[in-house]
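Subject: Structure for your review

Dear colleague,

Please find below the structure that I am handing over to you. My findings follow directly after it.

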Amino acid sequence: MDKDRKFTGQPILSQILSTKLIQAAAHKHHSNRYYKKLPLRVHLVSLLYGVFSYCNGLRELCEGLLACEGKLSHLGFDKSPARSTLSDANSSRSYLVFATIYQQLLEKYHGIISDSRLKGLSISNLKIIDSSTISLFGDILRGVGRPRLDGARRKGGIKVHALMDAFSGVTEFVRMTPAKVHDRQFLLKLKLPKESFIVFDKAYNDYRQFHSWSNQQVWFVCRMKENAVYHVCKVLTDNTRKKKCNGVLKDQLITVGYKQEKEVIRLRMRRVTYKAEDGRIYVFITNNLKISASQVARIYKYRWMIELLFKQIKQNFPLRYFWGDSQNAIKTQIYCVLIAQLLMVVLRRKSATKKSFANMITVIRLHLMSYVELLSFIKDTYLAWRRVNNPVLSSA
């Protein structure tokens, strides 16, 4: 069969990368100055190969690339890198260059991956905050808790704090810290535009930060802590006396206080008590006094999107074993996983496929070095393959 008709000329891994974007990041961070044997593009492609192939170690990664040496020229290098060279680069080349590549990809594809609206919401800028801990041994990043009594190494961990755009389904801002760092520290790193909405769990409760956001007209929705001390100023809605009432039970204007030096500052907020269909009762607080109480509950419901994102990443990409024992190597691998997840979201939107995320990743993994037209192959794998092998369908 004619090779030109059967193959597109580039393997899948080459079709999803942008050479200009990688060069710009390398120039910004001077990442190729001390790495003549392993330029940034080769380093990134090698790690992405390991991410998509779900390699649990550098040996698997390098031996997998070694078996593909005949196709590596399409990816910009002639032979697979040595394991020692890749290990040194993971430890020494700053993870910040991979963070820059992720941000540049996010800016490039933001218009493609963003939905105009979320069902049931009348707001246009909803962000979700949460964190996820990845277990490591304590000599890499310290965890929380006392030393083990049996003398074994204590489990530590790296905590990935993420700000997710609810309209795109990907993280916009990421910060990685030791697991012992409290979630509230992440809020200090955020720069949010006016009229933004953010939603998070009660672990992020910080009245001082809430006051600052109110002054900036940045709105939040979160759950209230059970031991919170507050004063009710006005009851806006009270459905607690109704029998078998679901939905909004109570909507109140309250004030809470926090100490600043020797002064107690009072902050005005709303407290919404909501009963879900399963009978569970939730108490939310927000600094927005205009949206309806049911809208407050609906906004918080979208917080679970970031839980699904963390689950999607941990189930489909290699984060159980790391390709280095330094903080830089671990953070580099995490950013490569985020880059891979972002590229998959872009491909899913471009191809308009009905495949699940896990199924799409499996197809990519099995055909990573195959010569196929990527978008049509993801959208309908069987139809794309029949067109490749059937001249009649190909010309139709």
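I begin with a salt bridge: glutamate 172 pairs with lysine 127, and their closest N and O atoms are 3.0 Å apart. Glutamate 172 belongs to strand β3 (residues 170-178) and lysine 127 to strand β1 (residues 126-137), so this pair ties together parts that are 45 residues apart in sequence. Lysine 127 has a relative accessible area of 7%; because buried means under 20%, lysine 127 counts as buried. A network of salt bridges links Lys127, Asp165 and Glu172. Please bear in mind throughout that this is a predicted model.

The count of salt bridges comes to seven. In general, side chains of opposite charge can pair when their charged atoms come close. Another of these pairs is formed by aspartate 251 and arginine 270, with the closest N and O atoms 2.8 Å apart. Aspartate 251 lies in strand β7 (residues 247-260) and arginine 270 in strand β8 (residues 263-275), so the pair ties together parts that are 19 residues apart in sequence. Both aspartate 251 and arginine 270 are buried. A further salt bridge runs from glutamate 307 to arginine 303, where the closest N and O atoms are 3.3 Å apart. Glutamate 307, at 29% relative accessibility, counts as partly exposed, whereas arginine 303 is buried, with a relative accessible area of 3%.

As to the chain overall, the protein has 15 helices and nine strands. Of its 396 residues, 49% are buried. The chain exposes about 20800 Å², and carbon and sulfur atoms supply 49% of that area. Where contacts join residues at least 6 apart in sequence, 62% of them join residues at least 24 apart.

Turning to the strands, β4 (residues 197-200) is covered on both faces. Phe197 and Val199 lie on one side, Ile198 and Phe200 lie on the other, and all of these residues are buried. This arrangement may be read against a general rule: in a regular strand the side chains alternate between the two faces of the sheet. Strand β4 runs parallel to strand β5 (residues 219-223), and four bridges join the two. Within this pairing, phenylalanine 200 stands opposite cysteine 222 of β5. From β4 the chain passes through helix α8 (residues 207-216) to reach β5, a β-α-β crossover that is right-handed.

Strand β5 also pairs with strand β9 (residues 281-286), here in the antiparallel sense and over three bridges. Cysteine 222 has isoleucine 285 as its bridge partner in β9. On β9 there is also a pairing with β8, antiparallel and made over six bridges. Arginine 270 stands opposite threonine 286 of β9; arginine 270 is also the salt-bridge partner of aspartate 251. The hairpin of β8 and β9 has five residues between the strands, and glycine 279 takes a positive phi near 95 degrees there.

Among the helices, α11 (residues 327-351) has 25 residues. The distance from its first C-alpha to its last is 36 Å, close to the 36 Å expected at 1.5 Å a residue. Of the 25 residues of α11, 21 are buried, so the helix is largely enclosed by the rest of the structure. Alanine 352 follows α11 and has a positive phi, near 55 degrees.

Which residue is placed in the loop between α10 (304-316) and α11? Phenylalanine 317 has its place there, and at 0% relative accessibility phenylalanine 317 counts as buried. Leaving aside residues up to four places away in sequence, phenylalanine 317 touches Val51, Phe52, Tyr54, Val337, Ala340, Gln341, Phe357 and Ile361.

Serine 46 deserves a final note. Serine 46 lies in helix α4 (residues 40-52) and is buried, with a relative accessible area of 0%. Not counting residues up to four places away in sequence, serine 46 touches Leu61, Leu65, Phe77, Pro81 and Leu86.

With kind regards

Methods:
Residues are numbered from 1 along each chain as its sequence is written. This is a predicted model: local features need pLDDT of at least 70, side-chain atom pairs count only at pLDDT 80 or more; totals for chains, interfaces and linings use all residues. Side-chain values use heavy atoms; hydrogens and water are left out. Buried means under 20% relative accessible area, exposed over 50%, partly exposed in between (1.4 Å probe, protein chains only). Contact means heavy atoms within 4.5 Å. Accessible areas come from the Shrake-Rupley method with a 1.4 Å probe; for residues, only the protein chains shown count as cover. Two strands pair if DSSP finds at least two bridges between them. A crossover is right-handed if, with the strands pointing away from the viewer, the path from the first strand over the helix to the second runs clockwise. The expected span of a helix is 1.5 Å times one less than its number of residues. A salt bridge is a side-chain nitrogen of Lys or Arg within 4 Å of a carboxyl oxygen of Asp or Glu.
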